Amino acid sequence: MTDEPTGTDPAATKTAELSCAGCGEIVFPSEDFCENCGRRLREGAAAPAGGPGPARREGATTKQYRGGADPARACAHCASRTIDAEGYCGACGMRQPAERDHVEITVPAGAAGVSDRGRRYARNEDALALTGHATGVAAVVSDGVGSSQRPEEASRAAADTGAAELAARLDAGTDPQEATRLAALKAAAAVAALAGSPGEAPSCTYVSAVVHGGAVTVGWIGDSRVYWIAAQEPPEDAADAGVEADTADLAELTGSAQLTEDDSWAAFMVAEGALTEAEAEAHPNAHVITAWLGADAGEVHPHVRTYRPSGPGTLLVCSDGLWNYFPAPAALAALVDGSADALGTARTLVRHALDAGGRDNITVAVIPLPTPSTEQPR
Amino acid sequence: MSHPHFSISVDQNKFLPEGGREVHAIVSVEATDTRGSQPVRVDRTRAGEVIIIDTSGSMSYPETKLRAAIEAAQTAIDTLRDGVEFAVVSGSNWATMVYPAQPGLVAADDRTRREAKRALGRLTASGGTAIGSWLRLADELFGDRDGIRHAILLTDGKNQHESAEELDAVLFRCGGRFVCDCRGVGTDWEVAELRKVASALLGTVDIVADPAGLVADFQAMTEAAMGKAVADVALRVWTPQTARIKFVKQVMPTVEDLTGRRTDSAPQAGDYPLGAWGSEVRDYHICVEVPPGEIGRELRAAWVKVVVPGEAGEEPQVLASGNVLAQWTDDEAASTKINARVAHYTGQVELAAAAQEGLQAYRDGDLETATARLGRAVVLAGEAGNDAMTAMLRKVVDVIDPVTGTVRLKRDISKAAEMELDTRSSKTVRTRKDETVNSRRGQG
Ligand SMILES: [Zn+2]
Ligand SMILES: [Zn+2]
């Protein structure tokens, strides 16, 4: 979760203006379901597992842990079978674990991702999408801005729209840099369209990674990150391990590195030389982001970069729920064993973030490189 | 009958520390016309009105008191809209029909208004005061009718001619059957007694120290009654099996503890009667004790609904609903924050108690306690921005330091000033900046 500098506190207000399309009953903007007939009132909020989400392509599999919106399911706390449409138990009152509390996704191309509610927040406001495309794999991670309204819808829309657009563009032969930029802009438009009024602007971060041939193209807005974890670090005495600035468009990757630069207050202060990295991280403003997707975001300028790893390794696309605990590439590298089991790696990373406190939603997509799919047909 | 449009908004800090059990929320219930901000249309609402005038002997000392009461009742009758069924009752040791002659209600029109006003003009004062018997007649007049049922009760004295038990029994019977606004005229009546009546019958209580003020007051009261569009509204509060409601208090426009008014209505739910509603807002402070939960868990600590009785044999209708939530967090900044509106109303509940306790101590001759409690009231009234309370307090104490609450009792506190403060001590104001809410999420 991330703070937006101009965030306003939403009141828990219900005002009836709308009526249910199914039965005509008066419904409230804050409700996900009609209280009368149970019809879903809003798209996006906790979409059912396996549903026709825009990013779900043929071949992608999604494993959803814990219950969905099955009205007959038993309460996870008291076993009573009285869960209501809003997800609260009719006996003990506990909000039921949502399908988004823990999501695991694998794609046949050998990539996988895990998104988890963490230990502190009631909801998972991160979203994750993975997709195959004509020449490789793409992943999108989005983190809802906690101070905006309906951040979980914003991140869902961003990840699904971004991944679908990326795949469509790449399948159509668009250059990966351009596809990355266009997908981010389309995701931005989808999130901006969620705002029901000028006062509420569901907002989120956005980060994408596309693997094509032996190269990686990343695009981002906000403070979700991409890391490259090299299977073998360059020798200690190598002068510039990690990113070697090459041409303007393409950087060589020799060792583990962070491939994105946060749009955050902390990153800005460090870049300006006003604070050291440690000082910025310790500051209360550290997690205030300076760019985001949302109706109040102004014009969105996605950052896009392409890298060419010099050897095999693993790409991590993650929200700050993971990198808060392991900001340095070396710290993440220590947790990645370089096995081909992408799902196992993602689970391990999430488990480490949970063990470290799980103070935020945790999401990570893991893409081994070279991907098995580049050698075999999908 | 078409209902006004009700909405519920909940203002709270849902975050509890690890092991935290007490959930507080301010629940605002607002009724507006369905078409927007216009007042609720009431023209076709069925309504009954009973006006009860004290005609005990004291009402003619001075004679202006009875004359003012008659004139006020006549104005109230003029304020009734056509078709409202009404009656006028006079009260002394027992209750007597003034109009119509036989027990019953008649529809207001030009003729019945004229006849009722003429009958009022013939009233004379004699005998004692037995408020319970007057209310019992009003209850018989309303019978089992539906729609708005409203009474106005005017008295000038203590309930001396029946026992407190008799009055309590009548109040128990009449609670929920009609709403009664009570007015004390002069300074010889008992504030606590009339407050008990008004409270039991979901009405207001006020003092009209000078009989000359009665006409305007009766007109305002009748206009308010004519503005009610729906009767028998209730607040339904559902709580988890393992939770316990600590209290449900109305905190705006006046402080009224509703906790003991609960009637079980559905599994794990109880109804608290709210009386009749027009276009208005009322705020409630709800406190629920829940079993402690794990960090990160979210609980619906209370599900609050506005309900009205359904058609005969039907389920009650739910007109609005809202959630009071609890979520456990290890973020101390989040869990230790006190919601501004919870604090605001908590202060005003304490203010009402401090003022009433201070006045009771003063009457008991315990001037030290009186000074301390009224000084505390001065501080709380200042904090809440309750200027009306501050002004009334300054009629009974000289304020030396409004911040610390250092005060001195006035040498000659007038009976009217003391009773005015007592009667109106439970009136509250909404937060000065009541848009400030506290539902901010933690930082990630
Ligand atoms: Zn419906
Ligand atoms: Zn349960």
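This is a predicted model: local features need pLDDT of at least 70, side-chain atom pairs count only at pLDDT 80 or more; totals for chains, interfaces and linings use all residues.
In which sense, left-handed or right-handed, does helix 8 of chain B pass helix 11 of chain B?

**View 1. The crossing of helix 8 and helix 11 in chain B.** Helix 8 of chain B passes helix 11 of chain B in a left-handed crossing. The two helices, of which helix 11 spans residues 415-424, pack at an angle of about 145 degrees, and their axes lie 9 Å apart. On the side of helix 8 of chain B the contact is made by B:Gln356, B:Leu359, B:Tyr362 and B:Arg363, while helix 11 of chain B contributes B:Glu418, B:Leu421 and B:Asp422. By class, the residues of this contact between helix 8 and helix 11 of chain B comprise three nonpolar, one polar and three charged.

**View 2. The packing of helix 1 against helix 2 in chain A.** Helix 1 (residues 151-171) and helix 2 (residues 176-192) of chain A pack at an angle of about 150 degrees, with 8 Å between their axes, and their crossing is right-handed. The contact of helix 1 with helix 2 of chain A divides into 12 nonpolar, three polar and three charged residues.

**View 3. An open, mixed sheet of six strands in chain B.** The strands of this sheet in chain B follow the order 2-18-17-11-15-14, and its edges are formed by strand 2 (15-16) and strand 14 (263-266), each of which pairs on one side only. Within the sheet, strand 11 (residues 230-238) of chain B runs antiparallel to strand 15 of chain B and is joined to it by seven bridges. B:Trp238 stands opposite B:Ala269, a residue of strand 15 of chain B.

View 4. Elements of chain B that give two or more residues to the lining include strand 8 (148-155), strand 9 (179-185), helix 5 (191-200), strand 15 (269-277) and helix 8 (340-363), whereas the largest share, five residues, comes from helix 6 of chain B. Sorted by class, the lining of the second largest pocket has 19 nonpolar, nine polar and 11 charged residues.

Conventions. Residues are numbered from 1 along each chain as its sequence is written. Chains are lettered from A and ligands numbered from 1 in the order in which they are written. Side-chain values use heavy atoms; hydrogens and water are left out. Helices (H or I, at least four residues) and strands (E, at least two) are DSSP runs, numbered from the N terminus. Ala, Val, Leu, Ile, Met, Phe, Trp, Tyr, Cys and Pro count as nonpolar, Asp, Glu, Lys and Arg as charged, and the others, Gly among them, as polar. Axes are lines fitted to C-alpha atoms, for helices over the stretch in contact, and angles run from 0 to 180 degrees between N-to-C directions. A crossing is left-handed if the near helix is turned anticlockwise from the far one by less than a right angle, and right-handed if clockwise. Contact means heavy atoms within 4.5 Å. Two strands pair if DSSP finds at least two bridges between them.
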